[in-house]
Amino acid sequence: MLSDLQIATLEGEGYLIIDNLFSADDLWPVQEEFNLLVEHQAQALYQAGRLSDLYQDLPFERRLAEITAQVPEIVDVTATDALALFSEGRFHKGESLFQFMKHPKILDRVEPLVGSEILCHPSYNVHPRQPGGYTSPHQDAGYYLPDGDQTLIVACLIPLVDTTLDNGCLWVAPGRHREGVLRHVWAEDGLNLLVEDIPMSERIPVPTPAGSLVMFGSMLPHGSLVNKTETIRWSMDLRYQAIGAATGRWYVPGFVARSRSNPASETANSQSWTEAVSEVKRQADKFPEWPRNRWPRT
Ligand SMILES: O=C(O)CCC(=O)C(=O)O
């Protein structure tokens, strides 16, 4: 369910925006699930004496920012502290998120691109973009191994709040998705494309209302502006490809989101997904020497 114009835009520009695709009712279950994560975290920090207030009266886009201001390490993705919410929460596997990942509004738009046998790709993120935070310039392919380069892996970014120039909306480099994988370097903020390859003048911000869908392939250079507000710019980025094609990420499985030929093979619930991921990770951890990154960390 994409028009010819939408497909042409995606192919020509490298990205497509569908404003206001999801209703508040579509988004409410995932937002509630993320609220619960934050509530759970706030309670744990409060009991541990690290938080002076539970901030239960603050709205969704503000509460985690207030908590983080007091306990910054809870959103540190590298922290091993058991209280580090989004070292786990970023890869949260709750039932509402799982069901949303199979939402027909997404799959119906992915199907014309990747076909009717759809894998939900192992790479996805729940992004509570913090005040001062941003996403470094990259291509998603930069984060995958080269076996995924020939696979069309479609990113679907769904903001849960309006994204603006102030709160760190996505930027994209239109038309620059046809050049294969550009060089990336590791830095503290993740992988980075170089300014000489993707100049600032080519980085076009794409502010979007909550509930929009932004679609792009793994070769599109993109990143986000800095969140200059005091609120959290919540979003999810999910990815889809054809079942059976290489994912560029051998050490984490995806799940079968839709199979027209064998509907019984579709992954039914978040528990099956979680168990499959744990099992593959257990096996993968026996082979630590196998490459997991395309770019060496220096
Ligand atoms: O939401 C963001 O800040 C960036 C998302 C992103 O980099 C992605 O979807 O690959």
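1. Domain bounds here come from an automatic or database domain assignment. For this chain the assignment gives domain 1 (4-26 + 92-284) and domain 2 (27-89). Their C-alpha centres are 24 Å apart. The contact between them takes 20 residues from domain 1 and 18 residues from domain 2, where two residues are in contact if their C-beta atoms, placed from the backbone, lie within 7 Å.

2. A word on ground rules. Residue numbers start from 1 along each chain as its sequence is written. The model is predicted, so local features need pLDDT of at least 70 and side-chain atom pairs count only at pLDDT 80 or more, while totals for chains, interfaces and linings use all residues.

3. Now the overall fold. The chain has 8 helices and 12 strands; these are DSSP runs numbered from the N terminus, with helices being H or I of at least four residues and strands E of at least two. The radius of gyration is 19 Å, close to the 19 Å that the globule rule gives for 298 residues, so the chain is as compact as a globular protein of that length. That radius is taken over C-alpha atoms, and the rule is 2.2 Å times the number of residues to the power 0.38. The C-alpha trace spans about 50 × 45 × 45 Å along its principal axes. Among contacts between residues at least 6 apart in sequence, 82% join residues at least 24 apart.

4. On the side of domain 1 that touches domain 2, α2 (24-47), α5 (95-101) and β3 each supply at least two residues. That side divides into 11 nonpolar, 6 polar and 3 charged residues. Here Ala, Val, Leu, Ile, Met, Phe, Trp, Tyr, Cys and Pro count as nonpolar, Asp, Glu, Lys and Arg as charged, and the others, Gly among them, as polar.

5. On burial, 38% of the 298 residues are buried. The cut-offs count other C-beta atoms within 10 Å of a residue's own, placed from the backbone: 20 or more is buried, 12 or fewer exposed, and in between partly exposed. The largest nonpolar core has 60 residues, and those touching the most other members are Tyr 15, Val 154, Cys 156, Val 214, Met 215, Tyr 240 and Ala 257. This core draws at least three residues from each of domain 1 and domain 2. Such a core is a set of buried Ala, Val, Leu, Ile, Met, Phe, Trp, Tyr and Cys residues joined through C-beta atoms within 7 Å.

6. Asn 20, in the loop between β1 (15-18) and α2, has a positive phi of about 55° although it is not a glycine. Asn 20 counts as exposed because it has 11 C-beta neighbours inside 10 Å. Tyr 55, in the loop between α2 and α3 (60-70), also has a positive phi, near 55°.
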